[in-house]
Amino acid sequence: MREYTAIIPVAGKGVRLLPFTQHCPKTMLSVAGKPIIAHILHQVEECGIRKVVFIVGYQKEVLIEYIRSHYPRLETVFVEQTEPKGLGHAIYMAKPVVTGPCFIVLGDTIIDGDLRPLVSCGKNAVGVKTVEDPRRFGVVEMKDGVIAGFEEKPECPKSNLALIGAYSFLDAGQLFCCLEEVIASGKTVKNEIQLTDALSCLLQRGVQIVPVKMNDWFDCGTVEIMLQTNRILLDRHAHIAEKFLSGNRITAPCYIDPSAIVENCELGPYVSVAEGAVLKNCRLQDAIVSAHTQLNAKEAKHLILDKYSN
């Protein structure tokens, strides 16, 4: 079986997350103690994928430096998307460097679950989840147990089965041909070229795509969702190194990166502290402390704290 190549689009600015994205792309924001992109790459590696193509744009230098320093074992390629023309266009940018099977995962999405079934099922597959309000997402239409169509953010959805932002294709060439057709047609949704239109094109050409149901998926596009995701992940996976329990008051669940310095602090519940952060005399609750942030005598609740804005 030919090896998969992962494609991760991370070119977006993350306007809804300003001012926290003023100095870095949103995929570099921390959740549960590490950048969103680190959560994603952990799963990519668990799928056995070693080559990753990043579609970069806004503040690309920050992401490239992080990837090269933290993931030297991966074969990485960085392709720049100079204009924000949508997800479909971002994926199409990978055409010159991707052949054979490909695995796509969105760069601002954390999926708390096993993505391996997407690449091990031996079929073209999309990750899906039932949601209460599918109008905010790409939607899958099912008929007789098979995928019959795709819609992007429809006003009147034909189902409540949403695309979670993870896709697997046996032949990237087929996908790129359909993306090329969509681009040539001039079709856009909200002035963006959509991946869902290429998926519809694949169906029209007789290519079968199967749904793979996932449990938890977090589209980290707002501060509120990031804090909610932080709480959920800490509930499930948090642990505190013994060295932080001396001289501090920690209320679980919390996570503190081993490289952080924490002195005389009251933290928790639901506080995550990323690598290189320095906290002294702080009282924090329900908060995200990003990498290399320095705080002294800070008291805060329900906030993201970073080295630029705090």
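Reply: Happy to! One term to begin with: a residue is called buried when its relative accessible area is under 20%, and exposed when that area is over 50%. Please keep in mind that this is a predicted model.

Me: Thanks! What share of the residues in the protein is buried?
Reply: The cut-off for buried is a relative accessible area under 20%. Applied to the 310 residues of the protein, it gives a buried share of 53%.

Me: How many helices and strands does the protein have?
Reply: Both kinds of secondary structure are present in the protein. The count comes to seven helices and 22 strands.

Me: And why is the protein said to be as compact as a globular protein of its length?
Reply: For 310 residues, the globule rule gives 19 Å. The protein comes close to that value, so it is as compact as a globular protein of that length, with a radius of gyration of 20 Å.

Me: Of the contacts between residues at least 6 apart in sequence, what percentage joins residues at least 24 apart?
Reply: Contact here means heavy atoms within 4.5 Å. Taking the contacts between residues at least 6 apart in sequence, the part that joins residues at least 24 apart is 57%.

Me: Let's zoom in on strand β6. Which of its residues are buried on each side?
Reply: In a regular strand, side chains alternate between the two faces of the sheet. Strand β6 covers residues 102–105, and both of its faces are covered. The buried residues are Cys 102 and Ile 104 on one side, and on the other Phe 103 and Val 105.

Me: Which residues are the bridge partners of Ile 104?
Reply: Strand β1 (residues 5–9) runs parallel to β6, joined by three bridges, and Ile 7 is paired there with Ile 104. Strand β11 (residues 161–169) is antiparallel to β6, with four bridges between them.

Me: Last one: how far apart in space are Tyr 4 and Gln 194?
Reply: In sequence, Tyr 4 and Gln 194 are 190 residues apart. In space, C-alpha to C-alpha, the distance between them is 23 Å.

Terms used: Residues are numbered from 1 along each chain as its sequence is written. This is a predicted model: local features need pLDDT of at least 70, side-chain atom pairs count only at pLDDT 80 or more; totals for chains, interfaces and linings use all residues. Side-chain values use heavy atoms; hydrogens and water are left out. Helices (H or I, at least four residues) and strands (E, at least two) are DSSP runs, numbered from the N terminus. The radius of gyration is taken over C-alpha atoms; the globule rule is 2.2 Å times the number of residues to the power 0.38. Buried means under 20% relative accessible area, exposed over 50%, partly exposed in between (1.4 Å probe, protein chains only). Two strands pair if DSSP finds at least two bridges between them.
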